[in-house]
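Visitor: I am new to this structure. Please show me how to read its features, one at a time.

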Amino acid sequence: MRLWKWLVAGLAIFGTTCCAQRGNSLAFQRAEHLRRGINLSGWYAQTRDFSPARMDAYMSEADMKALKAMGFDHVRLSIDPEPLIAEAQTGTLRPAPMARLDKTVAQLTDAGLTVVLDIHAEESWKTPLAHGDDGAARFFAFWAAFAGHFAKTDPERVFFEVLNEPTMEDLYRWEGIQARAVATIRRAAPRHTIIATASQWSKIDGLLAMEPVRDENVIYTFHDYDPMWFTHQGATWGSEEWASLRGIPYPATPENIQAALGQEPDERVRLWVQRYGLERWDATRLGAEVAAMHDWAQRRGVPLYCGEFGVYKVYADPKSRATWISDMRTALESKHIGWAMWDWDANFGLVTKGSDGTVVDQNVLHALGLGK
């Protein structure tokens, strides 16, 4: 069947109306398992080293129990599908990598943590979804096998996230693909809760333009790193303008961004940073962004989840970083939206690993309202 027929069929089955969502309770009940989480980003994704030695060393059972003791109730486990697949067209999975993933999921749940299986694909997977039929067919075949494999797990403890940050600009195309993916997952795992998102990197604007799928057991996720001038200062990916940024404060005022303006040589970036100051990003501004998401969900009768938020820690002032994290967490919790901070131990991390073991950033932990 051609992709356009899949899209039409998907939207016909799942629709863009939300009547079936209203009054639903199961998705809201399951969302209560996702109140306070952390992303495990570099274990099964965002790496080229899937050697047993590295995989075994990434996280111990003691680390998992420590997360639970800190107050986290779930983890969002990033998973690159490519190393798991033996045959793309059928979605056949490789036994050894799946056995390792099974063990990890069991260890996490045994530690008392709920697990979001986040399909965190590389662009080599995402780009073909935007063009032609083959990429979509491979995506559906993978999900049929993957959801079928995990259908035996406890649906109260294991969740399926369709795709991390779909990048395509065509909102309608992604909604059709996602609807078909949800149908595929639902046939393979009828009891499990699915986490869906919008295209355009799962940003707030994308979800505000989206309508829910017609499935009653779905939670809707978004990612919030705004303002990027602060949260991604010094980052060398995503936008070249971030790379030179240093000393960007939070909260922002026209006065306190002057030092950063004085050291920025790029005239475009200076203007953008000046706008950031004039917009006075603070707790009130973050709260307004989150409130818009809450209103979207309220009107459609669906539960929300913020799967990512955080601050790149290499160049951000630690006090400002903790303040932003606290303000974002507080805004989310004020609207009863569960969250998962990005991330555990990488360059946005809660912890630092070294010769002295795993050291927790207590300021960030307290900003998350935990560890007190």
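**Reading the backbone**

Guide: Start with glutamine 46, which counts as partly exposed because its relative accessibility is 41%. Keep in mind that this is a predicted model.

Visitor: Where is glutamine 46 found?

Guide: Glutamine 46 is in the loop between β1 (36–44) and α3 (52–58).

Visitor: What is the phi of glutamine 46?

Guide: The general idea comes before the case. Most residues other than glycine have a negative phi. Glutamine 46 is not a glycine, yet its phi is positive, about 55 degrees. Histidine 336 also is not a glycine and has a positive phi of about 55 degrees. Histidine 336 sits in the loop between α14 (318–334) and β10 (338–341).

Visitor: Which residues does a cis peptide bond join?

Guide: Most peptide bonds are trans. Here a cis bond joins aspartate 226 and proline 227, with omega about 0 degrees. Proline 227 lies in the loop between β8 (218–223) and α10 (228–231). Another cis bond joins tyrosine 250 and proline 251, with omega about -5 degrees. Proline 251 belongs to the loop between α10 and α11 (258–262).

**Reading the sheet**

Visitor: How many bridges pair β5 with β6?

Guide: Four bridges pair β5 (residues 114–119) with β6 (residues 158–161), in the parallel sense. Follow one of them: valine 116 has phenylalanine 159 in β6 as its bridge partner.

**Reading the rings**

Visitor: How many aromatic pairs are counted?

Guide: A pair of rings is described by the distance of the centres and the angle of the planes. The count comes to 21 aromatic pairs. Take tyrosine 225 and phenylalanine 348: their ring centres are 6.0 Å apart and their planes stand at 75 degrees, so this pair is edge-to-face. The pair links distant parts of the chain, 123 residues apart. Tyrosine 225 is in the loop between β8 and α10, and phenylalanine 348 is in the loop between β10 and β11 (351–354).

Visitor: Are tyrosine 225 and phenylalanine 348 buried or exposed?

Guide: Both tyrosine 225 and phenylalanine 348 are buried.

Visitor: Which residues form one aromatic cluster?

Guide: Trp125, Phe142, Trp143, Phe146, Phe150 and Phe160 do.

**Reading a helix**

Visitor: How many residues does α14 have?

Guide: α14 has 17 residues. From first C-alpha to last, α14 reaches 24 Å, close to the 24 Å expected at 1.5 Å a residue.

Visitor: Which residues of α14 are buried?

Guide: An α-helix has 3.6 residues a turn, so residues three or four places apart point the same way. The buried residues of α14 include Ala322, Trp324, Ile325, Asp327, Met328, Ala331 and Leu332. Their cover includes β8, α10, α13 (283–300), β9 (304–308), β10 and α15 (362–367). After α14 comes histidine 336, with its positive phi near 55 degrees.

Technical notes:
Residues are numbered from 1 along each chain as its sequence is written. This is a predicted model: local features need pLDDT of at least 70, side-chain atom pairs count only at pLDDT 80 or more; totals for chains, interfaces and linings use all residues. Side-chain values use heavy atoms; hydrogens and water are left out. Helices (H or I, at least four residues) and strands (E, at least two) are DSSP runs, numbered from the N terminus. Buried means under 20% relative accessible area, exposed over 50%, partly exposed in between (1.4 Å probe, protein chains only). Two strands pair if DSSP finds at least two bridges between them. Rings of Phe, Tyr and Trp (its six-membered ring) pair if their centres lie within 6.5 Å; planes under 30 degrees apart count as stacked, over 60 as edge-to-face and the rest as tilted. The expected span of a helix is 1.5 Å times one less than its number of residues. Contact means heavy atoms within 4.5 Å.
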